[in-house]
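Dear colleague,

Please find below the structure that I am handing over to you.

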Amino acid sequence: MAVLNNSINYSLGNFSAYLSSSQGFIPPTGPTIIKFDSTYLNDGANYNTGTYTYTVPISGTYLINTNLYLTGTVITDFELYLYINGSASSIIFECKPTSGGLLYVTGFSSSYVASFTAGQALTFYFQVVSGSGGSTIAAGSNVTGILLI
């Protein structure tokens with residue numbers, strides 16, 4: 001059984017940010033920052049709504065949950081990336097159709113658990129690899145981070 005360190009204020013690691021207005025993409029795109037420009041929760045003021053970046057305040061394991069609502073035309077292949085300190089770290093969600101297939105995705109949720117070090121800057125990027133027409137991440141799409149241990 002794990003014992004929590006009573007000297008750590010775990011709430012300082014929590015944040016929830018969202019898009020206050022829609023953000024458009026015209027495929028294909030390179031990885032483009034998702035402009036989560038408002039917050040529901042920003043304990044410790046570690047999420048910056050101007051740079052769309054969360055700075056990890058406490059080293060530990062975090063749960064990152066994203067909810068993206070998509071509108072527009074057909075996207076056939078897209079990816080959600082986590083960047084750490086300005087560099088692509090990992091794909092936390094990927095959507096690819098079967099060979100020759102098409103998708104019309106209206107939204108998705110993704111949960112990701114990982115360990116981060118205090119001071120690391122986390123930013124979220126979206127990439128449309130292929131598709132037709134313009135697509136939009138709708139207002140209200142959000143990301144939430146919770147320090148677990």
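Among contacts between residues at least 6 apart in sequence, 76% join residues at least 24 apart in the protein chain. Please note that this is a predicted model. The chain has 13 strands and zero helices, and buried residues account for 44% of its 149 residues. Its accessible surface comes to about 7000 Å², with 54% of that belonging to carbon and sulfur atoms.

The largest nonpolar core contains 33 residues. Those with the most contacts inside this core are Ile-34, Phe-36, Tyr-62, Leu-68, Phe-116, Phe-126 and Ile-137. At least two core residues each are supplied by strand 1 (15-18), strand 7 (60-72), strand 8 (75-84), strand 10 (107-116), strand 11 (121-131) and strand 13 (142-147). Strand 8 gives the largest share, six residues.

Phe-116 deserves a separate word. Leaving aside its neighbours within four places in sequence, Phe-116 is in contact with Val-56, Ile-58, Ser-59, Gly-60, Tyr-62, Ile-64, Leu-82, Ile-84 and Leu-122. Phe-116 also belongs to a cluster in which ring pairs link it with Phe-15, Tyr-47, Tyr-54 and Tyr-62.

On aromatic pairs in general, a search of the whole structure finds eight. One of them joins Phe-36 and Phe-124, whose ring centres are 6.4 Å apart and whose planes stand at 75°, so this pair is edge-to-face. Phe-36 lies in the loop between strand 3 (32-33) and strand 4 (38-42), whereas Phe-124 lies in strand 11, so the pair ties together parts that are 88 residues apart in sequence. Phe-36 is buried, with a relative accessible area of 1%, and Phe-124 counts as buried at 1% relative accessibility. The rings of Tyr-54 and Tyr-62 form an edge-to-face pair, because their centres lie 6.3 Å apart and their planes are at 70°. Both of these tyrosines, Tyr-54 and Tyr-62, are buried.

Finally, which residues make the nonpolar surface patch of about 340 Å²? The patch is made by Val-113, Ile-146, Leu-148 and Ile-149. Of these, Ile-146 lies in strand 13 and is partly exposed, with a relative accessible area of 34%.

With kind regards

Key. Residues are numbered from 1 along each chain as its sequence is written. This is a predicted model: local features need pLDDT of at least 70, side-chain atom pairs count only at pLDDT 80 or more; totals for chains, interfaces and linings use all residues. Side-chain values use heavy atoms; hydrogens and water are left out. Helices (H or I, at least four residues) and strands (E, at least two) are DSSP runs, numbered from the N terminus. Buried means under 20% relative accessible area, exposed over 50%, partly exposed in between (1.4 Å probe, protein chains only). Contact means heavy atoms within 4.5 Å. Accessible areas come from the Shrake-Rupley method with a 1.4 Å probe; for residues, only the protein chains shown count as cover. A nonpolar core is a set of buried Ala, Val, Leu, Ile, Met, Phe, Trp, Tyr and Cys residues joined through side-chain atoms within 4.5 Å. Patches are made of residues with over 30% relative accessible area and no salt bridge: like charges are joined within 9 Å, nonpolar side chains (Val, Leu, Ile, Met, Phe, Trp, Tyr) within 5 Å. A salt bridge is a side-chain nitrogen of Lys or Arg within 4 Å of a carboxyl oxygen of Asp or Glu. Rings of Phe, Tyr and Trp (its six-membered ring) pair if their centres lie within 6.5 Å; planes under 30 degrees apart count as stacked, over 60 as edge-to-face and the rest as tilted.
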